[in-house]
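Here is a briefing on one model. Take a look at the sequence and structure first.

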Amino acid sequence: MADTPLFPVTTVGSWPRSTSLIRALRAKQNGEMSDSEFNRLADQEVISCIRSQEEAGVDIVTDGEQRRDNFYSYVVDKLAGMQLMKVSDLLDYANDRARMEEVLRALDVPAFAIKSPIVVDKLGKKEGLSLDELAFMKEQTDRQIKIPIPGPYMLTRSSWFEGLSDKVYESAEELSKDVVAILREEVLALRDMGCDFIQFDEPILSQTVFGEESTETFMCAALPQRRDPTEELEFAVRLMNETMEGISGIRTGVHVCRGNWSRKEDVLLVGNYGPMLPHLMQMNIDQLVLECATPRAGEMEVFKEYTNEKEIGLGVVNPRTDEIEPVEDIVARVRDILQYFSPDKVYLNPDCGFGTFAERNVNTPEIAEKKLQAMSEAAVILRAEFG
Ligand SMILES: [Zn+2]
């Protein structure tokens, strides 16, 4: 693994997609564009996204998830047995359609724009989930590479939908065995190809903890069957540890945030990491990649009991705002977290991606680059102070 400076600057994954890329993505999904034609365009977008990160001083780059419709739906092309369904189509299968529509409206969820991979047949692997993304990046950059993949809990919970999936897997637990096997193979393959950092995305954990009781959410169609939050968190820990069992030689992280589908801060979830930390700490991974810049993430004192137990990927900028966070504010935020983490355990990242869902960029590439630039400048100051 390449040398990593103190306070490495990285991203959570997604980068705003251009209009022509979104159009091409739709054409590919409708069978009007071949994969190779799509990839020719996507290759150029990935290159420009990598260059933006390099110019902004990012130490560990991603491909901006440019080839993906969203951070978890893309697996539909990589796995047999899944079908991509619009959240609006899933409404037809919802136990309480009126209630689900009401929730989607209240949360400002673009139900027609967000798609979920739903299991409709026995799950099988066609090719790696992200091996093509990594192979292309290796040709394009010398920087360290982070690959975000859906975590085992997210993949299981979001793709098992009653009325569609139970014909093949009688429960989400049954499905999880195949999900874990596929993710284990993926982690090993990414490691062997020279990936530096695998980030498991598990944003729906916050839905489990902070979401309203009995709310059917857009990201997790199967949540009506959910049990109490503690059981869900224990399930998530078990799946993560089964996935990582006996695997070493690759840096891993888990990303949790409170949602990134809307710029309206008041519709996104609120609550500190306190209820989640006892569980996250049991996960056999190196780093917690967390949303911390938004006040919705609550007090950082919750880390006091867990000093240095893991690395922290500290969210230091809000991906959904136009203003660029002042460098000194970022530095202050990092100094503050150093009460609970030593300097070699702190990574800097935005709270979440800049375009989690293809049709919902939460920012422009120009602002995204400036925010990353501010983070890099902060890292330079911090390295001089703590290096
Ligand atoms: Zn996020």
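Which residue is the bridge partner of Phe-200 in strand 6? The partner is Val-254. This is a predicted model: local features need pLDDT of at least 70, side-chain atom pairs count only at pLDDT 80 or more, and totals for chains, interfaces and linings use all residues. Residues are numbered from 1 along each chain as its sequence is written, and side-chain values use heavy atoms, leaving out hydrogens and water.

- An open sheet holds 7 parallel strands in the order 1-4-5-6-7-8-9.
- Strand 1 (60-61) and strand 9 (346-350) are at the edges with a single partner strand each, so one side of each lacks a neighbour in the sheet.
- Strand 5 (residues 197-201) pairs with strand 6 (residues 251-256) in the parallel sense, over 5 bridges.
- Pairing takes at least two DSSP bridges between two strands.
- Helices (H or I, at least four residues) and strands (E, at least two) are DSSP runs, numbered from the N terminus.

**Zinc site**
- His-255 (NE2), Cys-257 (SG) and Cys-352 (SG) are the protein donors of the zinc ion, 2.1 to 2.3 Å from it.
- Donors are N, O and S atoms within 2.8 Å of the metal (3.2 Å for Na, K and Ca); water is not among the atoms, so sites may look incomplete.
- The donor spacing in sequence is H-x1-C-x94-C.
- His-255 and Cys-257 are both buried.
- Buried means under 20% relative accessible area, exposed over 50%, partly exposed in between (1.4 Å probe, protein chains only).

**Helix 5**
- Glu-133, Leu-134, Phe-136 and Met-137 are buried in helix 5 (residues 131-140).
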